[in-house]
Amino acid sequence: MVKWDAPSTHQIAINIDGSVMDHKAGFGGIIRGTDGGWIHGFYGHLGEKDILYAELIAILKGLSLCWDLNFRNVKCMSDSLLAVTLINNGVPIFHQYAAIISNIQALISRDWEISVNHVFRKGNQAADFLAKLGSANSCSFVPLLEPSVGISDILQADSLGVLFPRL
(Lines give C-alpha, C1' and ligand atoms only; values in the text may rest on other atoms or scores of the structure.)
Protein backbone atom coordinates (compact mmCIF):
# COMPACT_ATOMS: atom_id res chain seq x y z
CA MET A 1 0.00 0.00 0.00
CA VAL A 2 1.17 3.52 -0.80
CA LYS A 3 0.34 6.97 0.58
CA TRP A 4 1.71 10.49 0.31
CA ASP A 5 4.94 10.76 2.30
CA ALA A 6 4.75 13.80 4.59
CA PRO A 7 7.92 15.75 5.38
CA SER A 8 9.48 15.92 8.84
CA THR A 9 8.87 18.80 11.23
CA HIS A 10 10.50 22.05 10.01
CA GLN A 11 10.68 20.64 6.49
CA ILE A 12 8.58 21.17 3.37
CA ALA A 13 7.80 18.60 0.72
CA ILE A 14 7.83 19.16 -2.99
CA ASN A 15 6.32 16.48 -5.18
CA ILE A 16 7.44 16.67 -8.79
CA ASP A 17 6.31 14.96 -11.98
CA GLY A 18 6.73 15.03 -15.73
CA SER A 19 4.14 13.97 -18.26
CA VAL A 20 3.96 13.21 -21.97
CA MET A 21 0.53 13.01 -23.58
CA ASP A 22 -0.07 12.98 -27.35
CA HIS A 23 3.63 13.83 -27.93
CA LYS A 24 3.30 16.95 -25.73
CA ALA A 25 5.46 17.11 -22.62
CA GLY A 26 4.72 18.99 -19.43
CA PHE A 27 5.77 19.18 -15.83
CA GLY A 28 4.19 20.04 -12.52
CA GLY A 29 4.82 20.19 -8.83
CA ILE A 30 3.31 20.99 -5.48
CA ILE A 31 4.93 22.36 -2.32
CA ARG A 32 3.30 21.30 0.95
CA GLY A 33 3.84 21.43 4.67
CA THR A 34 3.87 18.58 7.18
CA ASP A 35 0.06 18.46 7.28
CA GLY A 36 -0.18 18.13 3.49
CA GLY A 37 -1.58 21.63 3.16
CA TRP A 38 -1.00 23.55 -0.05
CA ILE A 39 1.82 26.11 -0.01
CA HIS A 40 2.51 26.60 -3.72
CA GLY A 41 2.16 24.77 -7.01
CA PHE A 42 3.18 25.08 -10.63
CA TYR A 43 2.98 23.50 -14.05
CA GLY A 44 4.35 24.15 -17.50
CA HIS A 45 4.48 23.01 -21.11
CA LEU A 46 7.65 21.80 -22.84
CA GLY A 47 6.57 20.92 -26.39
CA GLU A 48 7.67 17.66 -28.00
CA LYS A 49 10.13 16.21 -25.48
CA ASP A 50 10.66 12.79 -23.91
CA ILE A 51 9.58 11.79 -20.42
CA LEU A 52 13.05 11.88 -18.86
CA TYR A 53 13.53 15.46 -20.05
CA ALA A 54 10.13 16.39 -18.55
CA GLU A 55 10.98 14.71 -15.22
CA LEU A 56 14.36 16.46 -14.98
CA ILE A 57 12.96 19.88 -15.89
CA ALA A 58 10.22 19.38 -13.28
CA ILE A 59 12.88 18.78 -10.63
CA LEU A 60 14.97 21.75 -11.78
CA LYS A 61 11.98 24.12 -11.84
CA GLY A 62 10.64 22.83 -8.53
CA LEU A 63 13.92 23.11 -6.64
CA SER A 64 14.54 26.56 -8.13
CA LEU A 65 11.11 27.65 -6.93
CA CYS A 66 11.79 26.29 -3.42
CA TRP A 67 15.07 28.23 -3.31
CA ASP A 68 13.40 31.42 -4.61
CA LEU A 69 10.64 31.08 -1.97
CA ASN A 70 13.37 30.81 0.71
CA PHE A 71 12.64 27.23 1.79
CA ARG A 72 15.87 25.79 3.16
CA ASN A 73 14.84 22.34 4.38
CA VAL A 74 13.28 20.48 1.46
CA LYS A 75 12.23 16.91 0.79
CA CYS A 76 11.92 16.51 -3.00
CA MET A 77 9.96 13.50 -4.25
CA SER A 78 9.66 12.19 -7.81
CA ASP A 79 8.16 9.00 -9.16
CA SER A 80 10.93 8.78 -11.79
CA LEU A 81 13.47 6.37 -10.35
CA LEU A 82 15.73 7.04 -13.33
CA ALA A 83 15.76 10.82 -12.80
CA VAL A 84 16.39 10.45 -9.05
CA THR A 85 19.21 7.96 -9.66
CA LEU A 86 20.88 10.16 -12.30
CA ILE A 87 20.74 13.19 -9.99
CA ASN A 88 21.98 11.37 -6.90
CA ASN A 89 24.70 9.33 -8.65
CA GLY A 90 25.74 11.69 -11.45
CA VAL A 91 26.27 11.05 -15.15
CA PRO A 92 29.17 11.20 -17.61
CA ILE A 93 29.64 14.58 -19.29
CA PHE A 94 28.49 13.15 -22.63
CA HIS A 95 25.09 12.05 -21.29
CA GLN A 96 22.19 13.51 -23.26
CA TYR A 97 20.96 15.47 -20.21
CA ALA A 98 24.29 16.08 -18.46
CA ALA A 99 23.82 19.88 -18.50
CA ILE A 100 20.38 19.72 -16.87
CA ILE A 101 21.56 17.21 -14.27
CA SER A 102 24.62 19.37 -13.55
CA ASN A 103 22.34 22.39 -13.02
CA ILE A 104 20.20 20.38 -10.59
CA GLN A 105 23.29 19.17 -8.71
CA ALA A 106 24.63 22.74 -8.49
CA LEU A 107 21.28 23.84 -7.04
CA ILE A 108 21.35 20.98 -4.53
CA SER A 109 24.88 21.91 -3.42
CA ARG A 110 23.77 25.36 -2.23
CA ASP A 111 23.51 26.14 1.49
CA TRP A 112 20.34 24.22 2.35
CA GLU A 113 19.14 20.84 3.57
CA ILE A 114 17.69 18.89 0.66
CA SER A 115 17.05 15.31 -0.34
CA VAL A 116 15.85 13.97 -3.68
CA ASN A 117 13.88 10.77 -3.22
CA HIS A 118 11.94 8.28 -5.29
CA VAL A 119 8.27 7.69 -4.43
CA PHE A 120 5.73 5.40 -5.99
CA ARG A 121 3.29 6.89 -8.50
CA LYS A 122 0.26 6.58 -6.20
CA GLY A 123 2.11 8.67 -3.59
CA ASN A 124 2.65 11.40 -6.20
CA GLN A 125 -0.86 11.91 -7.53
CA ALA A 126 -1.07 15.67 -6.93
CA ALA A 127 2.13 16.32 -8.92
CA ASP A 128 0.89 13.96 -11.65
CA PHE A 129 -2.33 15.97 -11.89
CA LEU A 130 -0.38 19.22 -12.35
CA ALA A 131 2.08 17.68 -14.83
CA LYS A 132 -0.84 16.59 -17.00
CA LEU A 133 -2.13 20.17 -16.88
CA GLY A 134 1.28 21.23 -18.17
CA SER A 135 1.13 18.75 -21.05
CA ALA A 136 -2.33 19.97 -22.05
CA ASN A 137 -1.50 23.68 -21.74
CA SER A 138 0.60 26.00 -23.89
CA CYS A 139 2.15 28.16 -21.15
CA SER A 140 5.84 27.55 -20.36
CA PHE A 141 5.40 28.16 -16.61
CA VAL A 142 2.28 28.77 -14.51
CA PRO A 143 2.74 29.46 -10.77
CA LEU A 144 -0.23 28.53 -8.58
CA LEU A 145 -0.79 30.35 -5.31
CA GLU A 146 -4.05 28.46 -4.79
CA PRO A 147 -4.93 24.85 -5.65
CA SER A 148 -6.20 24.41 -9.20
CA VAL A 149 -9.70 23.14 -9.86
CA GLY A 150 -9.93 19.37 -9.60
CA ILE A 151 -7.02 18.72 -7.23
CA SER A 152 -8.83 19.14 -3.89
CA ASP A 153 -9.84 15.46 -3.56
CA ILE A 154 -6.22 14.37 -4.07
CA LEU A 155 -4.99 16.87 -1.47
CA GLN A 156 -7.61 15.75 1.03
CA ALA A 157 -6.73 12.05 0.55
CA ASP A 158 -3.04 12.85 1.00
CA SER A 159 -3.68 14.90 4.16
CA LEU A 160 -5.77 12.09 5.64
CA GLY A 161 -3.11 9.47 4.86
CA VAL A 162 -5.36 7.43 2.57
CA LEU A 163 -3.63 4.25 1.43
CA PHE A 164 -3.69 3.19 -2.23
CA PRO A 165 -2.66 -0.13 -3.75
CA ARG A 166 0.78 0.04 -5.38
CA LEU A 167 0.39 -0.44 -9.12
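Me: What covers the buried residues of α4?
Reply: This is a predicted model. In it, the cover over the buried residues of α4 includes β1 (12-21), β2 (24-32), β3 (38-47), β6 (142-144) and α5 (152-160).

Me: And which residues of α4 are buried?
Reply: Ala126, Ala127, Asp128, Leu130, Ala131, Gly134 and Ser135.

Me: How far apart are the end C-alpha atoms of α4?
Reply: They are 17 Å apart. Helix α4 has 12 residues (125-136), so at 1.5 Å a residue it should span 16 Å. The two values agree.

Me: Switching to Asp79. Where is it?
Reply: Asp79 sits in the loop between β4 (73-78) and α2 (81-89).

Me: Buried or exposed?
Reply: Asp79 is buried, but it has no salt bridge. Arg121 is the nearest side chain of opposite charge, 4.1 Å away. A salt bridge needs the charged atoms within 4 Å.

Me: Which side chain does Asp79 make a polar contact with, then?
Reply: The side chain of Asn124, at 3.5 Å. Beyond its sequence neighbours within four places, Asp79 also has contacts that include Ile16, Asp17, Glu55 and His118.

Me: New topic. How many residues are in the largest nonpolar core?
Reply: It has 34 residues. Ile14, Leu56, Ile59, Leu63, Cys66, Val74 and Ile104 have the most contacts inside it.

Me: Which element gives the most to this core?
Reply: α1, with 11 residues.

Me: What is Cys66 in contact with?
Reply: Leaving aside neighbours within four places in sequence, Cys66 is in contact with Ile12, Ile14, Ile31, Phe71, Arg72, Val74 and Trp112.

Me: And what does the second core include?
Reply: That separate core has 10 residues, among them Ile30, Leu130, Val142 and Leu144. Leu130 is also one of the buried residues of α4.

Terms used: Residues are numbered from 1 along each chain as its sequence is written. This is a predicted model: local features need pLDDT of at least 70, side-chain atom pairs count only at pLDDT 80 or more; totals for chains, interfaces and linings use all residues. Side-chain values use heavy atoms; hydrogens and water are left out. Helices (H or I, at least four residues) and strands (E, at least two) are DSSP runs, numbered from the N terminus. The expected span of a helix is 1.5 Å times one less than its number of residues. Buried means under 20% relative accessible area, exposed over 50%, partly exposed in between (1.4 Å probe, protein chains only). Contact means heavy atoms within 4.5 Å. Lys and Arg count as positive and Asp and Glu as negative; His and the chain ends are not counted. A polar contact is a pair of N or O atoms within 3.5 Å; within protein, one must be able to donate a hydrogen and the other to accept it, and residues adjacent in sequence count only if both atoms are side-chain atoms. A nonpolar core is a set of buried Ala, Val, Leu, Ile, Met, Phe, Trp, Tyr and Cys residues joined through side-chain atoms within 4.5 Å.
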